[in-house]
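Hi,

Here is the structure I said I would pass on.

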Amino acid sequence: MLLFVEIGYAQYTPIINSKRPGFSDSPYSVGTKVYQVEGGLFYKKVGNYQTYINDVNGIPVYYVHSSTGFGSDLMLRTGLFMEKLEFNAELAFVNEDRDYTAPSVYSESELGLSKLTIGAKYLVYMPEYADKSKEIRSWKARHAFDTKRLIPAVGVYAGLNTNLLMDMYKNPEGISPRFAIFTQNDLSNRWIVLMNFIIDKAFTDEMENSFILTSTYSFTERISAFGEGQVFFRTQEYVPNDFQFGAGGAYLVNNNLQVDFSARMIYDEREDSSYLFGMGASWRLDRHKDKIIGNTEDEDVMNPDEKRGFFAGLFAGGWFASKSNNKKVDDVKVSKAKSRAGLQAPVNKKAQKAREKQNKQLIKDTEKKEKAERKNQEKENG
C-alpha cells in the first residue's frame, strides 16, 4: 500500500526523500549512488465492490463482492547515470478473502502478488526561488511571498505493469504501460503541494486515469502530516469513478530513516465502504558524493538541492536541513582555506581588525534599521 531552483542540477538531499506515506510522487529523484527501500504493512476492507462482466439481453452483468486483506508493499529506488534520473520498482504482496454475492454466491481466498510495476522517473524542470536571507534592506521584502513558488517543478514517469500477479489481480490483456506527470510546489519552507496526473493500464480495456492532490506540512524538524485526495476516471462503461481521501503522518528518525502511518477511505457511486490502514518505514544506503564545480576564481562544492519528497521537500528547504547543508559547505571551505594558507601573503592585522570593526558596525546599523521597520509595520497594522 504505497500512499501518499536549480542548484547545480543536484537531486540528492541530506534528508531521505521518501514517497511514503502518500500515493502521490514528487518529480525529484533520490540522487545517484543512493539505494533506497520503502515498505510497510497494510490492512484493507472493501464492501459492495462491482466489476462489469458483459451484457445479457441489454442488461449489464457484474461481479459483486466484499473482501478483506492484509499484506505488505515494497518500493525499491535508485539514481543511475545522472542526478535527474531514477529507476524504481513497486510491488505488493497480499492475502485476500473475497465473498461474492453476484452473479452467484461463493467465496475464494488467494495469497500472492497484487502489484509488480517497474519504471523510471526524470526531472524535466526545476524552478529557482529567491534567497530572501540576502535581503537586508527591507524586512517586508525579506518576508514577502515569492510568486515564483507558484511555478512547479515538473517530472515525467514511464513504467510497465507486469502481469506476474495472482489471478484476482491479473489483467486479461497482459502487461500494460503506465505514464505520469508529477509536479511539486514549495509554497514555503514548511508547506509543499504535489499534483500527479496518471494514466494506468494504458491501451487496455481496464485503462484508468487519475488525479492526485497532496498537501504536506512540517510541524517540527521531525514531525510532518499530510492530507490527500484522489479521483479515478474509468474508461469502462458501467464502471463508476472512485473518490479516495487519505491522511497520515511521518516521523524522521535520522537523515536516512523515516517511519510513517496512514489511513484511507474510498467512496464511489456504488456507495462502497472501503478502507485502507497502513504503517511502514523508508531507509536508504547513502553512497552519494557531491560533484566539484570549477570556475576561474576558485572551486566550490555543489550544494545538494532543497525541495524533494515528504521530509526532504519540507526540511531541506527550511531551517533544519539548511543547517546541515551550510555546515557541509562551510567545512569544505574551511578545509580549502587551510590548504591554501601556506600560499597566501601575510595578513595585515590592522587592516583586518578595521574591516571587522566596520562589518560589526554595518550589522548593528542593519539590525537597528530592521527594528525600526518592524515597529512601523506594527503601527500600520494597528
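**What I found**

Eight bridges join β4 to β5, and the two strands run antiparallel. Y125 is the residue to look for if you want to find this pairing on screen: it stands opposite V154 in β5. Bear in mind throughout that this is a predicted model.

On its other pairing, β4 (residues 106-125) goes with β3 (residues 85-102), again in the antiparallel sense, over 16 bridges. A hairpin of three residues joins β3 to β4.

To step back for a moment, the protein chain has four helices and 14 strands. Of its 382 residues, 43% are buried. The chain exposes about 20700 Å², with carbon and sulfur atoms supplying 59% of that area.

β6 (residues 176-186) and β7 (residues 191-200) pair in the antiparallel sense over eight bridges, and they form a hairpin with four residues between them. D186 stands opposite I192 in β7. β7 then pairs with β8 (residues 208-218), also antiparallel, over 10 bridges, and there I199 sits opposite N209 in β8.

Now for the inside. Which residues make up the largest nonpolar core? There are eight of them: F23, Y157, A180, F182, I198, I212, I266 and L276. A180 is a handy place to start looking around. Leaving aside its neighbours within four places in sequence, A180 is in contact with G155, V156, Y157, F197 and I198, and of these Y157 and I198 are listed in the core as well.

I also looked at the aromatic rings, and a search of the whole structure finds six pairs. One of them is Y157 with F182: the ring centres are 6.1 Å apart and the planes are at 40°, so the pair counts as tilted. This pair links distant parts of the chain, with Y157 in β5 (residues 153-161) and F182 in β6, 25 residues apart. Are these two buried or exposed? Y157 has a relative accessibility of 6%, so it counts as buried, and F182 is buried too, at 3%.

F179 and F203 form another aromatic pair, this one edge-to-face, at 6.4 Å centre to centre with 70° between the planes. It also links distant parts of the chain: F179 belongs to β6, F203 to the loop between β7 and β8, and 24 residues separate them. F179 is partly exposed, with a relative accessibility of 35%, while F203 is exposed at 68%.

S67 is found in β2 (residues 59-79), and its relative accessibility is 4%, so S67 counts as buried. The S67 side chain makes a polar contact with the side chain of E96, at 3.4 Å. Apart from neighbours within four places in sequence, S67 is in contact with K44, K45, V46, E96, D97 and R98.

Cheers

Note on methods. Residues numbered from 1 in each chain as written. Predicted model: local features only at pLDDT ≥ 70, side-chain atom pairs only at ≥ 80, totals over all residues. Heavy atoms only, no water. Buried < 20%, exposed > 50% of the residue type's maximum accessible area, 1.4 Å probe, protein only. Polar contact = N/O pair within 3.5 Å; in protein donor to acceptor, adjacent residues only side chain to side chain. Contact = heavy atoms within 4.5 Å. Pairing = 2+ DSSP bridges. Core = buried A, V, L, I, M, F, W, Y, C linked by side-chain atoms within 4.5 Å. Areas by Shrake-Rupley, 256 points an atom, 1.4 Å probe, with all protein chains shown as cover. Phe/Tyr/Trp six-rings, centres within 6.5 Å; stacked < 30°, edge-to-face > 60°.
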